[in-house]
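Subject: Structure for you to look at

Hello,

Here is the structure I promised to pass on. Please open it first, then read my notes below.

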Amino acid sequence: MSSEDKNKPNKSSEMSRRKFFNLIGWGGLLASVGGSAVGTYKFMFPTVLYEPPTVFKIGKAADFGMGVDERLKKERQIWVVKNDRGLYVLIAICRHLGCTPNWFPDQQRFRCPCHGSIYDIYGNVRGGPAPRTLWRAAVSIDAADNQISVNFLNRQDPDPESTAEGLTVEEPPRETAPYFVKSA
Amino acid sequence: MADWMENLKNKIVETQVWKSIFRHGYPDTDTNRALVMFSNVLLHLHPVKVRKSALRIRYTWCLGGLTFFMFILLTITGVFLMFYYVPDTRSAYQNIKDLQYAIYFGNLMRDLHRWGAHAMVFLVWLHMTRVFLTSSYKPPREFNWVVGVLLLVLTLLLSWTGYLLPWDQLALWAVTVGSKMAEASPLIGYSGPFGREMGMRVDNDIRFMLLGGTVVGQSTLLRFYVLHCVGLPLLATVFLAVHFWRIRKDGFSGPL
């Protein structure tokens, strides 16, 4: 190689040593900052939860009478509702600000004590500030012991329609699996 | 007699120990007055020169200073409370009861902390109102207004995270409601606009991160405790430093 070749400037397609180390340096810095950002983000989400189980069994369908059953409200934060078509589970969390409403059998209404949201037995909004209908939890019947299994995190939340009666969702499309167990 | 005192004073002032602590003479010259400001960490927060008109109490009411005083008061009383409080759902409420009824001066510390927190929120609000009404947010102070808004948010978050710690009904439901609001945030909340479209579930959205679970429980208490005692105060300290640094650079505002 002649000395002329050595002193030639690099071709534009080739990377100079300076550029290469620049790239490695900044790339490495960005990668480590990005990596630790992702790590920090993931750190904040617990992978194991020490709280009541979110999937649990509540007994057989025959254990529940017609209408709203309040037995599991305190322990599981749910109401079990049975009608002549089948059974569904309402989550006892007010859709306004997350408090726990009460069931009034004489009025056939759920009423939240905090800001006065009113729901009917289907979870439709019949008054108050609630912006959505009550959630329904996914239910299924375990083939092994015929018990109803509730998934508290899998929630049905259809878009309600604003009617003269309030925010409502038509029943037939809502009474579907896995949020509804046909009369058993 | 006076000579003897003068000699003793000179001897003390000339020792290495004295000089290592006080790096300026008596502030009766401009140089020494400036050095008093520069060499003292607390006075350094103040600008070297303050316009006389800005010190008129009826102009600022010292509301920012009172807010900072509350922050200091809350830090000190908070440390005292930490000696007895354990962020455990089984003992938290009882610890607060002990502080109120069993521990010497416990009730005073708790009340100072509580009322101080209320006072701080109130004073921040008044301070911002004053800054707004006197147009003190205008250039060159507009960046400091932004820092101030961040400090307002931090103040409110500090109050909110402290709310949960007594672990009574009020605390539990306040945090239930507050975290429900987080859940309704756009994009990052489960029931907020576009939340579902972004793949948010009850067990992976912003509320879940805040609570450390799907319901208000032990991990929520621990998270709020850490945020209340370490995380947010640390962040607030950083922004306070920036806030004061800007005041130092721009000077206090004053009537024209």
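A salt bridge is a side-chain nitrogen of Lys or Arg within 4 Å of a carboxyl oxygen of Asp or Glu. Five residues are linked in a network of such bridges: R95(A), R132(A), D157(A), D159(A) and R196(B). Over all chains, the structure holds 19 salt bridges.

Some ground rules. This is a predicted model, where local features need pLDDT of at least 70, side-chain atom pairs count only at pLDDT 80 or more, and totals for chains, interfaces and linings use all residues. Residues are numbered from 1 along each chain as its sequence is written, chains are lettered from A and ligands numbered from 1 in the order in which they are written, and side-chain values use heavy atoms, with hydrogens and water left out.

**Charged pairs**

Side chains of opposite charge can pair when their charged atoms come close. R136(A) and E171(A) form a salt bridge, at 3.1 Å from N to O. This pair links distant parts of the chain, 35 residues apart: R136(A) is in strand β9 and E171(A) in helix α4 (residues 171-174), both of chain A. Helices (H or I, at least four residues) and strands (E, at least two) are DSSP runs, numbered from the N terminus.

Are these two residues buried or exposed? R136(A) is buried, at 0% relative accessibility. E171(A) is buried as well, at 12%. Buried means under 20% relative accessible area, exposed over 50%, and partly exposed in between (1.4 Å probe, protein chains only).

R136(A) also has its charged end over the ring of Y88(A), 3.8 Å from the ring centre. For this, NZ of Lys or CZ of Arg must be within 6 Å of the ring centre and within 35 degrees of the ring normal.

In chain B, D88(B) and R90(B) form a salt bridge at 2.9 Å, N to O. D88(B) is buried at 17%. R90(B) is exposed at 74%.

**Nonpolar cores**

A nonpolar core is a set of buried Ala, Val, Leu, Ile, Met, Phe, Trp, Tyr and Cys residues joined through side-chain atoms within 4.5 Å. The largest has 21 residues, and V89(A) and I148(A) are among those with the most contacts inside it. Strands β1, β3, β4, β9 and β10 of chain A each supply at least two residues of this core. The largest share, four residues, comes from β10(A). Another core lies apart from it, with 19 residues, including Y88(A) and V177(B).

**Aromatic pairs**

How many aromatic pairs are there over all chains? The search finds 15. Rings of Phe, Tyr and Trp (its six-membered ring) pair if their centres lie within 6.5 Å; planes under 30 degrees apart count as stacked, over 60 as edge-to-face and the rest as tilted.

F45(A) and F208(B) are stacked, 6.1 Å centre to centre with 15° between the planes. F45(A) lies in a loop of chain A and F208(B) in helix α10 of chain B, so the pair joins two chains. Both residues are buried. Ring pairs link Y41(A), F45(A) and F208(B) into a cluster.

F68(B) and F244(B) are edge-to-face, because their planes are at 80°, with the centres 4.9 Å apart. They are 176 residues apart, in helices α5 and α11 of chain B. F68(B) is partly exposed at 23%. F244(B) is buried at 14%.

Best wishes
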